[in-house]
Amino acid sequence: MNILVRLAPTTMQPKRIATRPNPRWMQGLLGASLALALTGLQAQALEAPTETVAAPVNSRMDAQLFYQLLLGELNVQDGEVGTGFALVLDAAQKKHDPMLYRRAMDIALQARSGESALKAVQAWGKDLPQAEEPDRFALQILLALNRPEETGPVLRSFLKRSQGKARSDNITAIPQTYARVADKVLALRVVSEALAPELKQPDQAAAAWTTIGRMQLAADQSSQALVSARSAHQADPASMFPALLALELMEQGQIMAEDIVRGQLAASPPTSESGTTVALNYARILLDLQRNADARAQLKTLTQTQPDLPEPWLLQASLQVQDNTLPAAKQSLETYMRLARDSGDERSARGLTQAYLLMSQIAEKQNDFEAASAWLDRIENADDIMAAQMRRASLLARQGKLDEARAHLRSQPVRRPTDVRLKLIAEAQLLREFKQWEEAYKVYGEAVQAFPEDQEMVYDQAMMAEKANRLDEMERLLRQIIATKPDHFHAYNALGYSLADRGLRLPEAKQLIEKAVELQPNDAYIQDSLAWVEFRSGNVTRALEILRSAYKSRPDPEIAAHLGEVLWTMGQTDEAKKIWREGFLLSSDNETLLSTLKRFNVQP
């Protein structure tokens, strides 16, 4: 079983266990615990053919258990979650039932109580030591609680329960599981210690060394990651996992890692899944590194050994267009389009957009403008074009070629007036992604000039003005929106919140936010702004009341940041930390929450 499990609370509906429906008053009382008990403890369901009348089957749930679970669910529904949790957990321990343990964990998660959820899965594991799920859930909960230092024993226990390929898969998935841990060095130490026994196992050594290498790479230890990749490759020269790690290292400038890739390709048959995967990714990296001659050779080998694989033909065609070998490029594209249509593969189908663009470019180079237009017309949704080009531009920008990425976007053809808008938005979004606030503000300015009636574009420019510290310009733009579109509640809210956050003109800020509340009364984010202006105005009790309500209706890290700060100011530091921890569980990279924690010198 893969270690990567999202800890979303499950909502389980009771199965129908009788031909007569329950009375309405009973339907409201039969909660998830009862459903699980009736499903798990019943010997069989009444699903006999219609011509056969099945004998009644009694549940093994006795009256005491029924009453206990009923009472537990009633407490949960009435808001007494702690009592309900305790009753369901007690029932699970009495009956040694994994589904009731799962229900107890779900109750705790729904109440955002990680500690109680951890208590449930630990009791589950102790009671049913052969079960695999408790360790899996305990690992995820500990990481969500930001307690990675406690995960080592749980991780070792979980790995011991899996065998063969399943264990290798679980080991390979570890870096993604620990990806949200802030202290990368600590995560590396914990995982390295847990994997120490696996390094000595011939069947697991390659996966274990690769995982340690990925953890080292995440901790900015690329040199050590290269050593680990080499150890992994030595353990299993044909494994694709060390080679894929080596490709990532190549992207980061570790050219020596290329020997690992070449070694894997030599040790793995070219038609094998691992050989094909590595060869295709190798070709992509070579293209990104602008090593076109090496990429060309790699793609030629792929198209010869795997002629029915679509993507190499598309990559080869892009190179041939660059080389201006147009007849060969056209042939490669025709092969790709045939294979893509026949495969029905979603990824190949998406690549058709790029193929049409290249065919259009070939026709344009040959001065066949009618054919070029016809190929562009095959792309039904212009958004698909910009989505593909945005990915390419983003890749260029990640390589430090932001100017080239912007030029790439601006060079895209304009077939209809809306394409101008799409191109400008794409460029602005690229700049926002890389926090180039001033440049993003200027691009949105171009967009506003081209589309002066688009108030959402004006709003986006105002947000970039704030990021670029052009606060007077932000206010001017937001007031322009309000004058043009008096029901634009986002503009009222943004301006009011900005003033309140800076402690400026608080009566006016409150008036603006109250107008936003009038227009959108049930918006939790606007309620959060209202609470913030009350807090800045000294009305702490009122702010707390509003924030509690907003957070209850929409648990959000930014609202958690504000609620925690108000609680902290009122001396309720323990509850403040609890709320901040909950917010951190929701999003560990929220800027408002992180800056709040930093100001109060609190670790999540």
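Helices here are DSSP runs of H or I with at least four residues, strands are runs of E with at least two, and both are numbered from the N terminus. By that count, the protein has 34 helices and 0 strands. The model is a predicted one, in which local features need pLDDT of at least 70 and side-chain atom pairs count only at pLDDT 80 or more, while totals for chains, interfaces and linings use all residues. Residues are numbered from 1 along each chain as its sequence is written, and side-chain values use heavy atoms, with hydrogens and water left out.

Let us begin with the whole chain. A residue is called buried when its relative accessible area is under 20%, exposed when over 50%, and partly exposed in between (1.4 Å probe, protein chains only). Of the 604 residues of the protein, 48% are buried. A contact means heavy atoms within 4.5 Å. Among contacts with a separation of 6 or more, 53% join residues 24 or more positions apart.

Now find helix 12, residues 205–218, which holds Q216. Is Q216 buried or exposed? Its relative accessibility is 11%, so Q216 counts as buried. Beyond its neighbours within four places in sequence, Q216 touches L188, Q221, S222, Q224, A225 and S228.

Further along, A371 sits in helix 21, which covers residues 369–377. A371 has a relative accessible area of 21%, and it is therefore partly exposed.

Next, follow the chain to helices 26 and 27. Two packed helices are described by the angle between their axes and the distance between the axes. Here, axes are lines fitted to C-alpha atoms, for helices over the stretch in contact, and angles run from 0 to 180 degrees between N-to-C directions. Helix 26 and helix 27 pack at about 160°, with axes 8 Å apart. That angle makes the two helices roughly antiparallel (over 145 degrees; under 35 is roughly parallel, 65 to 115 roughly perpendicular and the rest oblique). On the helix 26 side, the meeting residues include Q455, V458 and Y459, and on the helix 27 side they include L471, E473 and M474. The residues of this contact divide into 10 nonpolar, 4 polar and 2 charged (Ala, Val, Leu, Ile, Met, Phe, Trp, Tyr, Cys and Pro are nonpolar, Asp, Glu, Lys and Arg charged, and the others, Gly among them, polar).

Helix 27 also packs against helix 28, at an angle of about 150° and with axes 9 Å apart. Helix 27 and helix 28 are therefore roughly antiparallel to each other. M474, E475, L478, R479, I481 and I482 in helix 27 meet A491, Y492, A494, L495 and S498 in helix 28. By class, that contact has 8 nonpolar, 1 polar and 2 charged residues.

Finally, look at helix 28 itself. Its expected span is 1.5 Å times one less than its number of residues. For the 13 residues 489–501 this gives 18 Å, and the end C-alpha atoms are 18 Å apart, so the two agree. Helix 28 is mostly covered, with 11 of its 13 residues buried. Among them are F489, N493, G496 and Y497. The buried residues of helix 28 pack against helix 26 (455–467), helix 27 (471–484), helix 29 (506–519), helix 30 (524–536) and helix 32 (557–569). Just after helix 28 comes G503, with a positive phi of about 70°.
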